[in-house]
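Student: Hi! Could you walk me through the structure below?
Tutor: Happy to, ask away.

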Amino acid sequence: MTQLHPLLSQIFSQSSIPLSELEPSSRGCYLHKPTGMMYFTKTQSDIPQMRGEIEGLLAMGRTTDGLGLVPKVLGFEIDEDKGECGMVTQYFKLGSSSKNMQKELGEKIAKMHSVPPSNEGTGEGYTGKYGFNVPTHCGVTEQDNSWEGSWEVFYRDRRLGDLVTRIGDREINKEWEVMKERAVPLLLHSFDPPPKPVIQHGDLWSGNKGYDTITDKPVIYDPASYYGHNEADLGITHMLGGFSKDFYDAYHSIHPKSQPYYDERQKLYELYHHLNHTLMFGGSYKSGSLSIMRSLNNWAKDKEM
């Protein structure tokens with residue numbers, strides 16, 4: 001019989017899957033022989049981080065049912081006494097993608113960026129405000145997901161301002177004080193279509209997307225979710241590459257670009273991830289953060305003239 005961590009065994013048992021029906025496939029992955037379903041398993045001691053990941057997957061799943069975009073969650077369990085947790089989800093076997101992956105991915109993420117259904121309790125955790133019901137982590141950085149009714153306030157204070165404070169760099173602080181007065185109000189106070197809180201992946205870089213050869217579908221995973229303006233999810237896609245024109249065209253065929261100042265607003269959304277990398281790694285990421293901040297401050301100054 002397959003030997004599993006007790007928390008993982010508990011999850012499979014609660015899902016009526018006997019361990020005798022499981023066959024190890026690769027590290028942490030198991031085949032359910034009767035159905036052919038593949039499962040990914042993980043245990044760790046950082047309970048808040050895993051809880052945020054699971055809650056993010058569940059929230060994204062509420063607006064992507066039937067799309068195959070995010071892994072389905074089989075279960076999540078915590079052993080408070082031992083200070084550890086475990087999760088089991090659908091397994092994605094990543095491989096070479098089809099030529100239409102970028103277009104399909106753009107369409108599916110655009111569909112994910114919708115208000116969750118509220119019937120029969122499927123909108124659990126959604127308040128109609130910006131934030132999330134638990135902390136989530138972008139990399140190792142715990143995000144402040146406290147609920148807020150204003151997108152401008154949420155993104156200014158819970159995202160950019162929070163990171164600036166935690167970084168504690170004199171040059172970044174100086175540019176941020178200017179940004180709060182100029183660029184942020186110009187870009188976040190009023191635009192069309194107006195923002196509404198929809199589920200974000202939150203860390204949508206190329207390493208968190210792929211092509212599942214089992215389902216023949218583009219997929220995303222390892223979220224840092226919260227409810228925010230849909231276009232904020234695109235910010236990091238410009239930072240590290242891996243997303244083509246087909247992706248953006250397909251996405252914006254469903255969600256037209258907000259106006260005015262779409263391009264500048266994308267730089268503001270990208271800035272969050274430069275600041276987060278500055279906090280986590282320092283080095284050249286500081287210069288990248290300062291470059292964006294100065295560029296936006298100069299742009300805002302020109303708009304006032």
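Student: Which residues of H10 are buried?
Tutor: The buried residues of H10 are Gly-288, Ser-289, Leu-290, Ile-292, Met-293, Leu-296, Asn-297, Trp-299 and Ala-300. Buried means under 20% relative accessible area, exposed means over 50%, and partly exposed is in between, with a 1.4 Å probe and protein chains only. This is a predicted model, where local features need pLDDT of at least 70, side-chain atom pairs count only at pLDDT 80 or more, and totals for chains, interfaces and linings use all residues. Residues are numbered from 1 along each chain as its sequence is written, and side-chain values use heavy atoms, with hydrogens and water left out.

Student: What do the buried residues of H10 pack against?
Tutor: They pack against helix H5 (170-181), helix H6 (183-188) and helix H9 (262-281). Helices (H or I, at least four residues) and strands (E, at least two) are DSSP runs, numbered from the N terminus.

Student: OK, new topic. What is the order of the strands in the open sheet?
Tutor: The order is E1-E2-E3-E5-E4, five strands with antiparallel pairing. Two strands pair if DSSP finds at least two bridges between them.

Student: Which strands stand at the edges?
Tutor: Those are strand E1 (22-26) and strand E4 (73-79); each has a single partner strand, so one side of each is left without a neighbour in the sheet.

Student: And how many bridges do E3 and E5 pair over?
Tutor: Strand E3 (residues 37-44) and strand E5 (residues 84-90) pair over six bridges, in the antiparallel sense. For Gln-44, the bridge partner in E5 is Cys-85.

Student: Let's switch to Lys-108. Buried or exposed?
Tutor: Lys-108 counts as buried because its relative accessibility is 7%. You will find this lysine in helix H3 (residues 101-112).

Student: Which residues is Lys-108 in contact with?
Tutor: Leaving aside neighbours within four places in sequence, Lys-108 is in contact with Leu-67, Leu-69, Lys-217 and Pro-218. Contact means heavy atoms within 4.5 Å.

Student: Now the whole chain. How many helices and strands are there?
Tutor: The protein chain has 10 helices and 11 strands. Its radius of gyration is 20 Å, close to the 19 Å that the globule rule gives for 305 residues, so the chain is as compact as a globular protein of that length. That radius is taken over C-alpha atoms, and the globule rule is 2.2 Å times the number of residues to the power 0.38.

Student: What share of the residues is buried?
Tutor: Buried residues make up 49% of the 305.
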